[in-house]
Amino acid sequence: MLRANQQPESPEQLGSGSPYETTNLDRGGSNRKKIEEFSRSSREKLLQSKNKMFSKFTSILQHAVEALAPSLPLQEDFVYHWKAITHYYIETSDDKAPVTDTNIPSHLEQMLDILTQEEGERESGETGPCMEYLLHHKILETLYTLGKADCPPGMKQQVLGFYTKLLGRIRQPLLPHINVHRPVQKLVRLCGEVLAAPTENEEIQFLCIVCSKLKQDPYLVNFFLENRAKAGASAVTGSEGVAGDAAEPGKASSPDTGQLEGARDARAEPQNTTPSNHNHSYNLVNSLLNLTKSPDGRIVVKACEGLMLLVSLPEPAAAKCLTENTALCQLLTDRLTTFYQALPLAMDPLDIETVESVNWGLDAYNLKEDAAAFVGKRTLISFLSWLDYCDQLIKEAQKSAGAVLARAVRDRFFVSVLEPQLMQASELGILTSTALLNRIIRQVTSESLLLETVYFILGEERAAESLATINRIPLRHKLIEHCDHLSDEISIMTLRLFEQLLQKPCEHVVHNLVLRSLEERSYAENKGPEEREAVENGTLPEAVDLEEDPLFTDLSPDNRLSSPDWLSASPSQSPDHAKTDGKTEVHKIVNSFLCLVPDEAKSSYQVEGTGYDTYLRDAHRQFREYCAVCLRWEWRGTPKPFEKCDLQTPFFEGHFLKVLFDRMGRILDQPYDVNLQVTSVLSKLALFPHPHLHEYLLDPYTNLAPSCRSLFSVIVRVVGDLMLRIHRIPDFTPKLLLVRKRLLGLEPEGPGIDHLTLLEGVIVLEEFCKELAAVAFVKFHAASSP
């Protein structure tokens, strides 16, 4: 409060030291500024709203006038719309207004409609005046410049749409024209520059329509192989020259003279581009590769489709440029590696084997459902989906490009990433990586990628094996050793892997694993012609007939193949059926296998539906499939004559057969699942229609060289061991029948049975002998049929 005799101080006296007075002044000024800014922004928004309304009104009015006014000739109408666009840039001063607020989109759409109408009214292939105007006045070049500058904002989107619709709607080929492929090529460079750009959708549609046009006329791709040196020079000088026409540099600034000249230039291009291919860039591929990194899955799928179209083009120069001067190989292998390394370190092989197959681009998923199924399902599906894309891409690719891409997958993924996992010491890691490799083999269908996968696993060796060379390819040696691993799970999974390999249409698999060791027939003792015929007829004094062997004297005639249905199909014993190829009578071979297992060790005859005839149907179907695959391998039809064989080299059955025979020799002491897998692989080998393989695996009457063993001799030793052990097991036959019924699900599980492993092994042995007999019969019957 002021005292009665005290006068208030003047503002000058208060000065700037009074906080009260300064605060009030500031507040007043601040409020005035806010009011002015609000008023200004309101006026601007009102003005923009009026402009937008006026623009829309103008557009509506224009369409109404065009509808009511008499129609102009198409060319005049076309020129009118183009000049309306150019006048916009001359007359407008506001370059910040979006293009959607202008009439430019409407004029561009009208120009497209006119071009489409003009083409429809003319004969096929004839260029009308509107198209001539577009080409001669380089309208596409101008639009490219406007789109690059994105003036007004959103213009790039409109230009991309115009190019896409023009190439898509017009039926006559446009890309051969110099004033079309040049601006198209330039616009291609603008695509994929920025990830998640607002124009991504228009960019991918434009690139895909260009790819589809190149697919229709593959030679045009040479326009898109740009010379780097010239492209750089034109960028510096500002010229419009395009390196795609490097064959005739003088034509860089010449006017468009029509389609035929452009086509002639394109066809002449490969001769000029091939020698200097390293100086060329493939911007169409580069732009698509950039768009494969988009966060939008739909864009990625479309980009992958575009790449698949480009790799399938037959032009050698483009294929070479694609593999040497782009990052396509790196994209394929890097993503495979990324997806593989995202997988859990340990996975259940059954989950890997049974997860549903997903085609690339269609892997829609539910994270909650996938996590509930098993850990890693989503990443596994992603890996298999990308593997499917790589496989399909290589399958569709031009032959030389496909070979390079497949080799890149082998070097950068299989060798660098997968091989260390297969060679590790951890049993859990070995099991998971082997199961994944098995799934990879199963899924691969392209010839080039399959061959590189096989080379990765087995190596490229084709010469005969020896004990000294079995570890020359470390991975092959390790995987074959894993077939006889201490862990039954690893053994089963590795055997499945080789079974999967044997079912693939690749001759190198069979040759590398088996045939190269049988090429010289050194497993058979070389007898003279008379002695060999005597052995086949069973009349050689020192040759023991299996039916007279003491091992089989207690077998009843009922156990032999006596069904008239099957014997009627076998050749009769007559001089008309000369065995010039060294084949033994089929009924002898079949009976030899069927009689191997003694009566007291047989149980199938007591269970309905487990007879020999069931194997005949399966063997016939499978052998027919194998023959269809092996037909193009041009295998010999008869064994190699002994006179041409090198019999001095000691016989070695090969590492793979050695392990299988060793496993087969222990069939009475191995788990049931292991025995099933071993016999399954051997039966697959027996099905191949190669005379040496047939002779070695399926002919019991082959006179083996000293110290050699065959599949039949291995089984004979197993049966000999079995007969010694049978008498030590009380109630052997009833127990055997019970085990068989339990395996077939005909009896419920009950108390444990002694010697279960042995009993299961006997059952597998009996079934395997029936299977081999069926395969031998079917193969002989097929060879005897006209």
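Rings of Phe, Tyr and Trp (its six-membered ring) pair if their centres lie within 6.5 Å, and the planes count as stacked under 30 degrees apart, edge-to-face over 60 and tilted for the rest. The model is predicted, with local features needing pLDDT of at least 70 and side-chain atom pairs counted only at pLDDT 80 or more, whereas totals for chains, interfaces and linings use all residues. Residues are numbered from 1 along each chain as its sequence is written, and side-chain values use heavy atoms, with hydrogens and water left out.

**View 1. An aromatic cluster includes Y340 and F383.** Y340, F383, F413, F414 and F456 together form one cluster of aromatic residues. By the pairing rule, the count is 18 aromatic pairs.

**View 2. Y523 and Y696 form a tilted aromatic pair.** The ring centres are 5.0 Å apart, with 50° between the planes. Y523 lies in the loop between α24 (507–518) and α25 (529–537), and Y696 in helix α31 (residues 691–698); the pair links distant parts of the chain, 173 residues apart. Helices (H or I, at least four residues) and strands (E, at least two) are DSSP runs, numbered from the N terminus. Both Y523 and Y696 are buried (under 20% relative accessible area; exposed is over 50% and partly exposed in between, with a 1.4 Å probe and protein chains only).

**View 3. Y626 and F688 form an edge-to-face aromatic pair.** The centre-to-centre distance is 4.8 Å and the planes are at 70°. Y626 belongs to helix α28 (residues 612–630), while F688 is in the loop between α30 (672–687) and α31, 62 residues apart. Y626 counts as buried at 10% relative accessibility, as does F688 at 2%.

**View 4. Arginine residues R335 and R521 lie over aromatic rings.** The charged end of R335 sits over the ring of W386, 5.1 Å from its centre. R521 lies over the face of F642, at 4.1 Å from the ring centre. The criterion is NZ of Lys or CZ of Arg within 6 Å of the ring centre and within 35 degrees of the ring normal.

**View 5. Helix α22 packs with helix α29.** Helices α22 (residues 474–482) and α29 (residues 655–665) pack at an angle of about 10°, their axes 9 Å apart. Helix α22 is therefore roughly parallel to α29 (angles under 35 degrees; over 145 is roughly antiparallel, 65 to 115 roughly perpendicular and the rest oblique). R476, H477, I480 and E481 of α22 make the contact with H655, F656 and V659 of α29 (heavy atoms within 4.5 Å).

Technical notes
Axes fitted to C-alpha atoms, helices over the stretch in contact; angles between N-to-C directions.
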